[in-house]
Every structure is written in C-alpha cells, then in structure tokens.
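Okay everyone, let's walk through this model together.

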Amino acid sequence: WLTMFESNRLPFLWSDILNTTQHVIVPATFQEPIFRQSGVTTPISVVPLGVSEQFQYTQRTRKPGEPYTFLSFADRGRRKGWEYAGFAFMRAFGDDPNYRLILKGRKENQFPVVANPNIQMLKADMTDEQLAALYEQCDCMIFPGREGFGLPPREFAATGGTSIALNWGGTADDLSMWGLPIASAGMETAWKGHATLEGLGEWAAVDVDDLAQTMKHVAANRDYYRERGQQQSAYVRMKYKWATFAEQVRDIWMEACTTYDQRTLPRAV
C-alpha cells in the first residue's frame, strides 16, 4: 500500500486498513514514526517519489531592470501555506517594484483581493511542460507547505532555481542538498478550515520572520544562488528518479508476495 499523510495523526480507521496489508510504502521519513504511533504494525518502507524528466536545468538570464521573481503555490486550502508566502514577501520587500511574487493556483481557486501590485495571482491548470516554462521565468520558489513529500520545490530545484521550503514534514528530507530551510515556529492545529480533517493532529507553524529574512538574503545574493542551483539541480535529478522509485516499489512488492506465499502455503506432513 502506497500512501502518505501531512499531519502528525492519521485519520480514523487508517491503521486498521493498513494493518490488513503486507507492506506500507511512504515517501518521507517523518511519516514512519507517525504511522507507528497511530497503530500501524505492518512493515513500513520509505521510498522517495520521482521528479519528471521534463524538469531539466535551465540557465536563468534576466534583462536589466527585470524584477527578481518569487513563486509560490496557492491551492488546497491552508496546507500549502501560501498566505505565509504573501506575508513574508510584504515584510521583506513591501511594494518595491524590483521584486515580484507569483501565486500559482488552480482554475477553480478563489483568491482574496491583494492590493500590492507586485503580487500576481495566476489561476491555471498546467502540464509538466507548462510548469517547467513557468519555473524558468522565476528565480526562487517559496514553499511553506505542510507536505507528505513535496514535489514542486524539488521540481523547481531540478530546473536550477532556488527553493525555500519548510524544514518539517516531507520537505525536510535532504533539504540542505536541494534547497534552503524555512524555520518552524512550533506546532499548530492542522487542517484549519477543512470540512472533515480540521483538528486531526498538528503540523509545523511557519516562522514568517525567518522566511522574510531568507528571501531577502537570496535576492541580495542572486548570483551565488544561481551558481549553486546547478549543483542542486544535479543532485535532485540523480536522487529523485521515477525509475528508481519503480524499482524499489517492485522489490518491496516481490518480497511481500514471497512472504505472503510462504505464510499461506500448507505445511508438509
């Protein structure tokens, strides 16, 4: 069974269902102790997800006077933490036209009215090819989301951009190798505003001051981080491959099937 969850407490009956399986696969290390604490006794393996081959390293070139551009994802309620990206952007740069923030949502998203002319709301469903083109237009991704794994900031790093991601949950794994951390401001009630999950455990709160300072630092040292981006891109594309993911899942599947067959074969008499 391949699954994940974003807060530190599993939904009701999940452990009962997972304990009927031969093996559970999760994509990030933080989930194994949470699943255990929630009552899962089935063997658990951590197998990271893969980044699409569409996201390749791209040398970013900017015209003189072009604003330094941040990107954040603004969908799926408050879990993505996009409001923190907006707060930190305002705290770091105010209405300085040399900086821009794009909040990328889905077509059906409803955004509040934002008075800052340097914050752009983008409502669009995109293919990997379209996302890669959007990534190339941006210098830095802000990703304060609470994630089971966190594909977008790793995808962005694969293209050579700088990813700033929350140092908790699925984005904490190997973060120093592919991005920069957003500090946690302690824990908070998870899933606020969600019709069925609100109050189901906790997840990390975002330290907005830390995020704002990191954004200012990255923008002030953009040449250094563009050079660093090439190394991080190589790491992501080596570490997170769908082919590797498929091979590891296949091996676990074969082992689980063998163990199951041995347990169910009648004993010789």
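Let's start with a helix pair: helix α5, residues 151-158, packs with helix α8, residues 222-239, at an angle of about 125°, and their axes are 7 Å apart. When I say helix, I mean a DSSP run of H or I with at least four residues, a strand is a run of E with at least two, and both are numbered from the N terminus. The axes are lines fitted to C-alpha atoms, for helices over the stretch in contact, and angles run from 0 to 180 degrees between N-to-C directions. That angle makes α5 oblique to α8, given that under 35 degrees counts as roughly parallel, over 145 as roughly antiparallel, 65 to 115 as roughly perpendicular and the rest as oblique.

Who makes that contact? From α5 we have Arg-154, Ala-157 and Ala-158, and from α8 Gly-229, Gln-232, Ser-233, Val-236 and Arg-237. Contact here means heavy atoms within 4.5 Å. Sorted by type, the residues of this contact are three nonpolar, three polar and two charged. For that sorting, Ala, Val, Leu, Ile, Met, Phe, Trp, Tyr, Cys and Pro are nonpolar, Asp, Glu, Lys and Arg are charged, and the others, Gly among them, are polar.

Quick housekeeping. This is a predicted model, so bear in mind that local features need pLDDT of at least 70 and side-chain atom pairs count only at pLDDT 80 or more, while totals for chains, interfaces and linings use all residues. Residues are numbered from 1 along each chain as its sequence is written, and side-chain values use heavy atoms, with hydrogens and water left out.

Is Val-51 buried or exposed? Val-51 is buried, at a relative accessible area of 7%; buried means under 20%, exposed over 50%, and partly exposed in between, with a 1.4 Å probe and protein chains only. Leaving out residues up to four places away in sequence, Val-51 touches Leu-151, Arg-154, Glu-155, Ala-158, Val-236, Tyr-240 and Trp-242.

Now the sheet. Two strands pair if DSSP finds at least two bridges between them.

Let's zoom in on β6. Strand β3 (residues 68-73) runs parallel to β6 (residues 140-143), joined by two bridges, and Phe-70 has Cys-140 as its bridge partner in β6. β6 also pairs with β7 in the parallel sense, over four bridges. There, Cys-140 stands opposite Thr-162, and Phe-143 has Ala-165 as its partner in β7. Which way do the β6 side chains go? Cys-140 and Ile-142 point one way, Met-141 and Phe-143 the other way, and all are buried. In a regular strand the side chains alternate between the two faces of the sheet. As for β7, five of its five residues are buried, so β7 is largely enclosed by the rest of the structure.

Most residues other than glycine have a negative phi. Asp-174 isn't a glycine, yet has a positive phi of about 55°. You'll find Asp-174 in the loop between β7 (162-166) and α6 (175-178), partly exposed at 31% relative accessibility. Trp-191, also not a glycine, has a positive phi of about 65°. Trp-191 is in the loop between β9 (184-189) and β10 (202-206), and is buried at 9%.
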